[in-house]
Amino acid sequence: MRVLGVDPGLTRCGVGVVEGLAGRPLTMLGVGVVRTSADAELGLRLVAIEHGIEEWLDEYRPEVVAVERVFSQHNVSTVMGTAQASAVAMLCAARRGLPVALHTPSEVKAAVTGSGRADKAQVGAMVTRLLRLSAPPKPADAADALALAICHIWRAPAQNRLQQAVNRHAGALKGRTT
C-alpha cells in the first residue's frame, strides 16, 4: 500500500509518502513541506497548497491519502487555516478518485509511539526509527505527515475488517426486517 500523508497547515503543509504493509518493514518514498507566505492572500495560499499536493500525487501515485483530522483548538484562526488546507488535500484526492482517511493527532501518536500524548520529538524519533532514516525529517510537519501515512498503513487492515463486519451485521438485520 502506498499512502500520501498530509499534515495540513496554511504556512507549512507537511507531505510524506510511505509504502508498505502492516507487519512488514515500511519504506519512505518522499517527504517534504508545501510552503506558503503568511503575507499572501488566502485564496492564493490555498491554490499554492493545491498545486503542491497535486505535484506529490502526480509524482508518487499513492493509493490512499491520509489527512490529519482537524480538532478543536483555542486559536480559531489556526483551526480555520488547518481546516482549509485539509479540505484542499481531500479535494485533490477526491478529484482523482482516491480514498481519504482521516486520523486524529492522538490516534497517530498512539499508533507510532504507543502513547496518544507523545510530543513532536517522540513522534519524529519513532518515524526515524520505523523508516530506518539517518535523522528525523525536518520540520516537524514533514515527520507528522510520515507518521500519518504509517498510522494508516498499520490501522487500515483492522478498520477494513471492522467495517466489513458492521456491513455484514447491518445486512443480516435488514434481511430480518423485510
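Two strands count as paired if DSSP finds at least two bridges between them; strands (E, at least two residues) and helices (H or I, at least four) are DSSP runs, numbered from the N terminus. In strand 5 of this predicted model, Leu102 is the bridge partner of Val67. Local features need pLDDT of at least 70, side-chain atom pairs count only at pLDDT 80 or more, and totals for chains, interfaces and linings use all residues. Residues are numbered from 1 along each chain as its sequence is written, and side-chain values use heavy atoms, with hydrogens and water left out.

- Five strands form an open sheet in the order 3-2-1-4-5, with mixed pairing.
- Strand 3 (27–35) and strand 5 (100–103) are the edge strands, each pairing on one side only.
- From one strand to the next, the twist averages 20°, where axes are lines fitted to C-alpha atoms, for helices over the stretch in contact, and angles run from 0 to 180 degrees between N-to-C directions.

**Strand 1 and its partners**
- Strand 1 (residues 2–7) is largely enclosed by the rest of the structure, because five of its six residues are buried (under 20% relative accessible area, 1.4 Å probe, protein chains only).
- Strand 2 (residues 12–19) pairs with strand 1 in the antiparallel sense over six bridges, and Val6 stands opposite Val15.
- Four residues lie between strand 1 and strand 2 in this hairpin.
- Strand 4 (residues 64–68) runs parallel to strand 1, joined by four bridges, with Val3 opposite Val64.

**Strand 4 and strand 5**
- These parallel strands are joined by four bridges.

**Helix 1**
- Helix 1 (residues 42–60) lies across strand 1, strand 2, strand 3 and strand 4, with contact meaning heavy atoms within 4.5 Å.
- Helix 1 runs at about 165° to strand 3.

Technical notes. Buried means under 20% relative accessible area, exposed over 50%, partly exposed in between (1.4 Å probe, protein chains only).
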